[in-house]
Amino acid sequence: MKYRIVIAGGGTAGITVAARLLRARRDLAGHIAIVEPSDVHYYQPLWTLVGTGLVPRDVTVRPQAPLIPKGATWIRDAVETFLPEENRIVLTSGESIRYDVLIVAVGLKLDWDQVPGTREAIEAGVAGSNYTFDTVLKTWEGIRRLEEGVGLFTFPHTPIKCAGAPQKIMYLADDRLRQRGVRSRVTLRYVAATPSIYSVPKYAATLEKVARERRIETVYRHTLTAVDPIKREATFRNLESGETVAMRFDFLHIVPPMTAPDVVRESPLADAAGWVDVDKHTLQHTRFPNVFALGDVANVPTSKTGAAIRKQAPVLVENVLQFLRGEPLTARYNGYSSCPFVTGIGRLVLAEFGYDGEIMESFPFDQAEERFSMYVLKKDLLPVIYWNGMLKGVL
Ligand code: FAD
């Protein structure tokens, strides 16, 4: 089998790019393949609100088939091996596909096994995680049941997708506990591997204030290393002293460590940390010029979000088309990413920034302030823009 363009992964990035390529060049119809094993597609950003019962889980999942743009061939399989020196990939079925251009968009891997006890704690109903469709309702169950004691919210030592999500859930939990009149009986604690509440100082100032005012304790430079679901004890490593610290909990929100998928880490496409090694402006691979990558799997030094993909996709598409024409690549990605920090029910701080934390706000007001309008944007408008605009290649 041979296609002009093969897209590995049909998640946010893969579908967006396929739709844009076909809009830009109708003659590519029949020459683009998307390799994607899953028959469903998730809108992950809403899991933050599902985890506190504000949105039903079912609205975050749709069948994959109607999302595959007309003109693209869906190969329902997974890439088993990348062979960029031979311009081909091998699928789990054993089939081999050759390409002129490869676009890698396989997302990232949630590495639960790095932290023993996490799966068991979720199974036992003492922990939850907003990071998967299968575990997000456990978060809501746990928060609903919490009457007293300690709620812990973790952030691991690896890069993660949506670096705001680990704390959004605790602000919403705080509101839910207040609504039930039990907040004074519960200690809420954010235990993060990061050195501060957020990497962009402008928004960090607001978030620190929110955490302080809502009496949420913060502990930095600590990473979760084990969970004992029976004793309800979480063990952390102090990343500065190396010491082990145990904390008892009554509810635990787990954000697992994240890595590039094994198929990428073990391939010639990977950088030293395992992510696909691309030029941060052109999104072209640094060693294989006919390979491009975007989304969570790319090693671009910015926050891994769907919002980042919305800005990466048009750049990547323009550069791929230039590459196919044998022209120099002129489109540049500026590192734009965004994090809609839900700071409570009906409140949101919309962080928008580029490489090196450069502020890149879209609205003519101070986005570091909590706003109801931005909450409506996240809850009601962005999902519509996602399904009907971004995935169709128009927004
Ligand atoms: P994905 O969308 O995860 O897609 C990767 C695809 O690759 C999957 O479909 C997978 O099946 C497929 N795949 C995997 N391995 C293979 C293989 N070997 N071969 C072929 N296919 C493969 N972003 C925002 O912009 N705003 C937010 O508010 C926000 N909040 C979030 C909250 C939570 C709780 C979470 C979990 C994420 C949030 N995000 C947010 C992040 C956003 O959802 C991701 O950054 C985005 O979906 C990444 O897109 P992707 O295409 O790189 O990966």
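Reader: Which residues does S337 touch, not counting residues up to four places away in sequence?
Author: S337 touches T302, S303, T305, A308, A351, E352 and F353, where contact means heavy atoms within 4.5 Å. The model is predicted: local features need pLDDT of at least 70, side-chain atom pairs count only at pLDDT 80 or more, and totals for chains, interfaces and linings use all residues. Residues are numbered from 1 along each chain as its sequence is written, and side-chain values use heavy atoms, with hydrogens and water left out.

Reader: Why is S337 called buried?
Author: Buried means under 20% relative accessible area, exposed over 50%, and partly exposed in between (1.4 Å probe, protein chains only). S337 has a relative accessibility of 0%, so S337 counts as buried. This residue lies in strand β20; strands (E, at least two residues) and helices (H or I, at least four) are DSSP runs, numbered from the N terminus.

Reader: What makes L329 buried, and which residues does L329 touch?
Author: The relative accessible area of L329 is 16%, and therefore L329 is buried. L329 is placed in the loop between α8 (306-324) and β20. Leaving out residues up to four places away in sequence, L329 touches T282, Q284, F292, N319, Q322 and F323. Of these, T282 is 47 residues from L329 in sequence, with the two C-alpha atoms 7.0 Å apart.

Reader: How do you know that the span of α6 agrees with what it should be?
Author: The expected span of a helix is 1.5 Å times one less than its number of residues. For the 13 residues of α6 (residues 201-213) this gives 18 Å, and the end C-alpha atoms are 18 Å apart, so the two agree.

Reader: Which residues of α6 are buried, and why are they said to line one face?
Author: Y203, A204, T206, L207, V210 and A211 are the buried residues of α6. Seen down the axis, they fall within an arc of 165 degrees, so they line one face of the helix; the arc is that of the directions from the helix axis to the C-beta atoms. An α-helix has 3.6 residues a turn, so residues three or four places apart point the same way. On the other side of α6, P201, R212 and E213 are exposed. The cover over the buried residues includes α5 (165-179), β13 (216-219), β20 (337-344) and β21 (347-353).

Reader: What is said of the phi of R215, and is R215 buried or exposed?
Author: R215 has a positive phi of about 55 degrees although it is not a glycine. Most residues other than glycine have a negative phi. R215 is found in the loop between α6 and β13. With a relative accessible area of 52%, R215 is exposed.

Reader: Why does C162 count as buried?
Author: C162 has 19% relative accessibility, and so it counts as buried. C162 is found in the loop between β11 (149-155) and α5, and also has a positive phi, of about 45 degrees.

Reader: What puts the buried residues of α4 on the same side?
Author: In α4, the buried residues are V136, T139, W140, G142 and I143. They cover an arc of only 165 degrees around the axis, which puts them on the same side of α4. They pack against α2 (47-50), β10 (127-128), α5 and β17 (251-253).

Reader: Which residues make the contact of α4 with α5?
Author: The axes of α4 (residues 136-145) and α5 come within 10 Å and cross at roughly 35 degrees. The contact is made by T139, W140 and I143 of α4 and I169, A173, R176 and L177 of α5.

Technical notes: Axes are lines fitted to C-alpha atoms, for helices over the stretch in contact, and angles run from 0 to 180 degrees between N-to-C directions.
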